[in-house]
Amino acid sequence: MKKPPFNQLINGDTPVLVDFYADWCGPCKTLSPIVSQVSFEMKGKVKVIKINTDRNQTLAGKFNIRSIPTLILFRKGKILWRKSGLMNKRELINHLNNSIN
């Protein structure tokens, strides 16, 4: 099954958290289970997608990804919130709730 284009994924009414990462990135590996937990806890409120920056260099360039991990929250194609680096689950949930409410 073919994946929908990125723009289609981020243009809906439901906020979409995009995790820009790379397989070789230590901090990305640390953040990944946190993002998974948040995705589960916020199911129905926020969709989560992961973008490998090594495989999607054009997309990473479009959003000026200079360090990873970088999280960007979109709604209707607009950036609501953006953060690079590590954070704990509580911080991430607070940022998401503040951005979507």
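Contact means heavy atoms within 4.5 Å. This is a predicted model, where local features need pLDDT of at least 70, side-chain atom pairs count only at pLDDT 80 or more, and totals for chains, interfaces and linings use all residues. Residues are numbered from 1 along each chain as its sequence is written, and side-chain values use heavy atoms, with hydrogens and water left out.

Start with Y21. Y21 sits in strand β1 (residues 16-21). Helices (H or I, at least four residues) and strands (E, at least two) are DSSP runs, numbered from the N terminus. Setting aside neighbours within four places in sequence, Y21 is in contact with C28, K50, I51, N52, T53 and I68. Is Y21 buried or exposed? Y21 is buried, at a relative accessible area of 16%. Buried means under 20% relative accessible area, exposed over 50%, and partly exposed in between (1.4 Å probe, protein chains only). Y21 and N98 are 77 residues apart in sequence, and their C-alpha atoms are 23 Å apart in space.

## The disulfide

How many disulfides does a search of the whole structure find? The search finds one disulfide. A disulfide is a pair of cysteine sulfur atoms within 2.5 Å. Here C25 is joined to C28, with an S to S distance of 2.4 Å. The torsion about this S-S bond is about 80°, so the disulfide of C25 and C28 is right-handed.

C25 is buried, with a relative accessible area of 4%. C28 is buried too, with a relative accessible area of 4%. G26 lies in helix α2. G26 counts as partly exposed, at 39% relative accessibility. From G26 to G77 there are 51 residues in sequence and 29 Å in space, C-alpha to C-alpha.

## Two packed helices

Two packed helices are described by the angle between their axes and the distance between the axes. Helix α2 (residues 26-41) packs with helix α4 (residues 89-100) at an angle of about 45°, and their axes are 10 Å apart. That angle makes α2 oblique to α4. Axes are lines fitted to C-alpha atoms, for helices over the stretch in contact, and angles run from 0 to 180 degrees between N-to-C directions. Angles under 35 degrees count as roughly parallel, over 145 as roughly antiparallel, 65 to 115 as roughly perpendicular and the rest as oblique.

In which kind of crossing does α2 pass α4? The crossing of α2 past α4 is right-handed. A crossing is left-handed if the near helix is turned anticlockwise from the far one by less than a right angle, and right-handed if clockwise. On the α2 side, I34, V35, Q37, V38 and E41 make the contact. On the α4 side, K89, L92, I93 and L96 make it. By class, this contact of α2 with α4 has six nonpolar, one polar and two charged residues. Ala, Val, Leu, Ile, Met, Phe, Trp, Tyr, Cys and Pro count as nonpolar, Asp, Glu, Lys and Arg as charged, and the others, Gly among them, as polar.

T53 is placed in the loop between β2 (47-52) and α3 (57-62). T53 is buried, with a relative accessible area of 10%. Not counting residues up to four places away in sequence, T53 touches F20, Y21, A22, A60, I65 and I68.

I65 is found in the loop between α3 and β3. I65 counts as buried, at 11% relative accessibility. Leaving out neighbours within four places in sequence, the contacts of I65 are F20, T53, A60, T70, I72 and R82. I65 and V48 are 17 residues apart in sequence and 17 Å apart in space, C-alpha to C-alpha.

I49 lies in strand β2. Leaving aside neighbours within four places in sequence, I49 is in contact with F6, L9, V16, L17, V18 and D19. I49 and D19 are 30 residues apart along the chain, and their C-alpha atoms are separated by 6.3 Å.

## Backbone details in the loops

Which peptide bond is cis? The bond from I68 to P69 is cis, with omega near 0°. P69 is placed in the loop between α3 and β3 (70-75).

N64 lies in the loop between α3 and β3. N64 is not a glycine, yet its phi is positive, about 55°. N64 counts as partly exposed, at 42% relative accessibility. K76 also has a positive phi of about 55° although it is not a glycine. K76 is found in the loop between β3 and β4 (78-84).
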